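Here is a short note for a colleague opening this structure for the first time. Please keep the view at hand while reading.

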Amino acid sequence: MMKLVLIYLACLALFCRTNVVFANDEANSVESRLDAIQSSLNLIFVETSEQIEALTNEIRALKQSLDHLGWYSEEVKHSVAAIQEGNELLLRNLTILTYRSDEVIANQQYCANHEALKNLFYDLTPKCGAFNSTPKPPEVIYNSCKEAPYRSGVYELAVNATGRSFKVYCEMDQFGGGWTVFQKRQDGSVDFNRSWVEYREGFGEVSGEYWLGLEALHQMTTRKQHELLIILENFNGSTSYIRYPGVVIDSEAQKYKIYFNGSGSGNAEDSLYAYRNEVFVTPDQTSGTYLNCAKQLASGFWHYDCSSTSSRNNLNGVYGVSAGRNGIWWYNSFSGYQQYNPLKGTQMLIRETTHR
């Protein structure tokens with residue numbers, strides 16, 4: 001029996017020793033695997049860091065490229081603006097060249113006519129020597145300021161097919177030239193608080209302050225299509241403008257009613273389009289639409305609802321910085337200008353566009 005017990009104890013010891021060996025081997029295997037995993041993680045971290053650095057460099061390069069692209073875009077915009085300015089200058093030079101060509105042709109025609117007239121006068125003059133003066137050359141009459149020489153100044157225009165003519169000031173230096181000035185304020189030398197007859201026939205000095213005349217405007221704008229330009233100047237010397245694509249002045253029977261075929265555009269606010277389809281009124285009239293405005297504002301015009309606080313004007317008002325509501329003003333003619341800010345100068349101009 002004792003022998004069996006000893007054998008059992010020996011077997012039990014052998015079994016325990018085997019389990020211990022197996023446990024040690026398994027622990028060594030797990031440690032080896034953890035080391036391998038740590039090595040892999042270290043490798044992945046290194047590779048990820050390198051990739052992040054590469055992406056950061058690429059993003060930095062892309063940002064620089066975008067900055068360069070923005071700079072090139074600005075350069076392109078400046079180049080386009082320079083090209084546009086060049087085109088405008090070219091157009092201006094072509095216009096001047098056209099006017100100079102027309103002037104040369106007109107001078108050639110004038111010289112030829114003058115020579116023929118001189119020869120005719122010589123043939124008709126008695127040869128006794130009692131009359132030996134040279135005839136005055138005929139004055140050139142143009143159909144519009146677009147046909148006049150390229151210099152701004154006073155020219156004679158034919159008003160209609162009957163041959164009646166009148167003197168006007170042709171503006172040839174601004175907005176492409178060819179403009180007929182029909183209203184000009186610059187120094188207060190001419191009173192614009194005038195009667196119906198005076199506004200119909202015109203008044204003032206053509207080379208200075210003047211009003212061309214409603215009947216002449218009617219004849220011109222109904223014979224051919226015209227556009228309208230208004231130039232404004234404040235007492236600081238700044239100018240602004242508003243331009244309308246088409247304007248027509250009706251007959252005296254319709255009290256010279258004004259029509260527009262579109263609103264105005266420019267760097268001044270449109271404070272005239274609201275006057276469309278209004279008749280002309282002067283302070284001396286006894287009846288008429290918005291006659292009270294002509295009397296309150298001391299000027300003849302196509303007045304419209306002078307009680308309103310915006311989009312109105314008084315271009316034929318009293319000249320001066322302290323005239324207030326009766327003065328010369330244009331609502332929002334300049335930034336910050338409201339209704340009664342005085343203006344130093346105004347010009348109203350028309351230019352022929354196409355034949356009717």
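Predicted model: local features only at pLDDT ≥ 70, side-chain atom pairs only at ≥ 80, totals over all residues.

The points below cover ring pairs, charges over rings, a helix, a surface patch and salt bridges.

1. Aromatic pairs come next. The count is 19. One of them joins F182 and W211 edge-to-face, with 5.7 Å between centres and 80° between planes. This pair links distant parts of the chain, 29 residues apart. F182 sits in strand β4 (residues 179–185), and W211 in strand β6 (residues 210–211). F182 has 4% relative accessibility, so it is buried. W211 is buried as well, at 1%.

2. Look next at W196 and F280. Their ring centres are 6.4 Å apart and their planes meet at 65°, so this pair is edge-to-face. W196 belongs to helix α2 (residues 196–201). F280 lies in the loop between β10 (265–266) and α4 (291–296). The two are 84 residues apart, and the pair links distant parts of the chain. Both W196 and F280 are buried.

3. Two charges sit over rings. R151 lies over the face of Y150, 5.5 Å from the ring centre. K184 places its charged end over the ring of Y169, at 4.9 Å from the centre.

4. How many of the ten residues in helix α3 are buried? The answer is seven, so the helix (residues 214–223) is mostly covered. Among the buried residues are L214, L217 and M220. E215 and H218 are buried too.

5. Now the surface. V30, L34, I37, L41 and I44 make a nonpolar patch of about 470 Å². L41 lies in helix α1 (residues 2–124). L41 is partly exposed, with 48% relative accessibility.

6. Salt bridges number eight. E156 and K167 form one of them, with their closest N and O atoms 3.2 Å apart. E156 is in strand β2 (residues 153–158) and K167 in strand β3 (residues 165–171), so the bridge ties together parts eleven residues apart in sequence. E156 is buried at 11%, whereas K167 is partly exposed at 41%.

7. R194 and E198 meet in another salt bridge, 2.9 Å from N to O. E198 is partly exposed, at 30%.

8. E227 pairs with R243 in a salt bridge, at 3.2 Å between the closest N and O atoms. The bridge ties strand β7 (residues 224–233) to strand β8 (residues 239–249), with the partners 16 residues apart in sequence. E227 is buried at 11%, and R243 is partly exposed at 24%.

Technical notes: Residues numbered from 1 in each chain as written. Heavy atoms only, no water. Phe/Tyr/Trp six-rings, centres within 6.5 Å; stacked < 30°, edge-to-face > 60°. Helix = DSSP H or I, 4+ residues; strand = E, 2+ residues; numbered from the N terminus. Buried < 20%, exposed > 50% of the residue type's maximum accessible area, 1.4 Å probe, protein only. Lys NZ or Arg CZ within 6 Å of the ring centre and 35° of its normal. Patch = residues over 30% accessible without salt bridge, like charges linked within 9 Å, V, L, I, M, F, W, Y side chains within 5 Å. Areas by Shrake-Rupley, 256 points an atom, 1.4 Å probe, with all protein chains shown as cover. Salt bridge = Lys/Arg side-chain N within 4 Å of Asp/Glu carboxyl O.
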